[in-house]
Amino acid sequence: MSIVLRAGVPADAALCGPICFEAFKAIDDAHNFPWDFPSPAVATEVLATMLSSPGVYAVVAELEGRVVGSNFLDERGPIGGIGPITVDPAVQDGTIGRRLMAAVLERAQERRAAGVRLLQSAFHNRSLCLYAKLGFETREPVSKLTGTKLGLTFPGYAVRPAVAADRAACDALCRRVHGHDRSAELDDAIRAGTARVVEHLGAITAYATTIAFFGHAVAETNPGLQALIGAAGEFPGGGFLLPTRNGELFRWCLGHGLRLVHQMNLMTLGLYNEPAGAWLPSVLY
């Protein structure tokens, strides 16, 4: 059995997208959870974006010349974000997934990344065991939440679109909470028009690239995150992620009609700082 790994290119989306959809669908169906991607077209669109991004490294697996899987490493910050990693269900339970993961870990090491992180579906025992064997530590239980927009505002917490001039304040906030910034991701979100900031008492006290599965948010305290969640017009990607240990914010979300989809695990390798504030991870950490 000849397995070849190579760098991904934008044209791979047409084959990798449907594989990604089917791989997640199979594990979701096996555990009676909603699909992570609603259709092959959506999965293809997501992977096409990642395969076209200069800040994302992609690796594709071929078996006997046929594309059978892919993995990604978001390299836009000092901490690399891994995934989604998927393998064609017809050839799973071999060595392809392990090799795809080893490839991005080797890439991160070559680039001297301070650490790498990923989000793992808690019901997927096989991937949890694989990542643990590769040295990953489970750091945080994470809840995927979904629902309709809340349409809430909070006196003293003004939410507005982020602009380039906000970046220094947002980066400083992220460094206070996480020990590093995510400046490149924020820049991309500002250009895309999805980033938002919260101003409180004349200062930026929270920001989000978007309240979505592929977005992250950072705040000094929970009211900043509540303002961002309350102002979100939608929750793209089927919802957003919230650290379950933040019981106050979790209960607030449930009390406002948001629903739990499933639990995930934030897993890390290398540098990890316990957050010193309120935050929402993206699926890439």
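View 1. Helices (H or I, at least four residues) and strands (E, at least two) are DSSP runs, numbered from the N terminus. This is a predicted model, in which local features need pLDDT of at least 70 and side-chain atom pairs count only at pLDDT 80 or more, while totals for chains, interfaces and linings use all residues. Residues are numbered from 1 along each chain as its sequence is written, and side-chain values use heavy atoms, without hydrogens and water.

**View 2. The open sheet of 5 strands.** Follow the order E8-E9-E10-E11-E14, with antiparallel pairing; two strands pair if DSSP finds at least two bridges between them. Strand E8 (158-161) and strand E14 (278-280) are the edges, each pairing on one side only. From one strand to the next, the twist averages 25°. Strand E11 (residues 217-219) meets E14 through 3 antiparallel bridges, and alanine 217 has leucine 280 as its bridge partner.

**View 3. Strand E3 and its partners.** In E3 (residues 66-74), 8 of 9 residues are buried, that is, under 20% relative accessible area (1.4 Å probe, protein chains only). Antiparallel E2 (residues 56-63) joins E3 by 8 bridges, and leucine 63 stands opposite arginine 66. Their hairpin has 2 residues between the strands, and glutamate 64 in the turn shows a positive phi of about 50°. A hairpin of 4 residues leads from E3 to E4, where leucine 73 partners isoleucine 82.

Conventions
Buried < 20%, exposed > 50% of the residue type's maximum accessible area, 1.4 Å probe, protein only. Axes fitted to C-alpha atoms, helices over the stretch in contact; angles between N-to-C directions.
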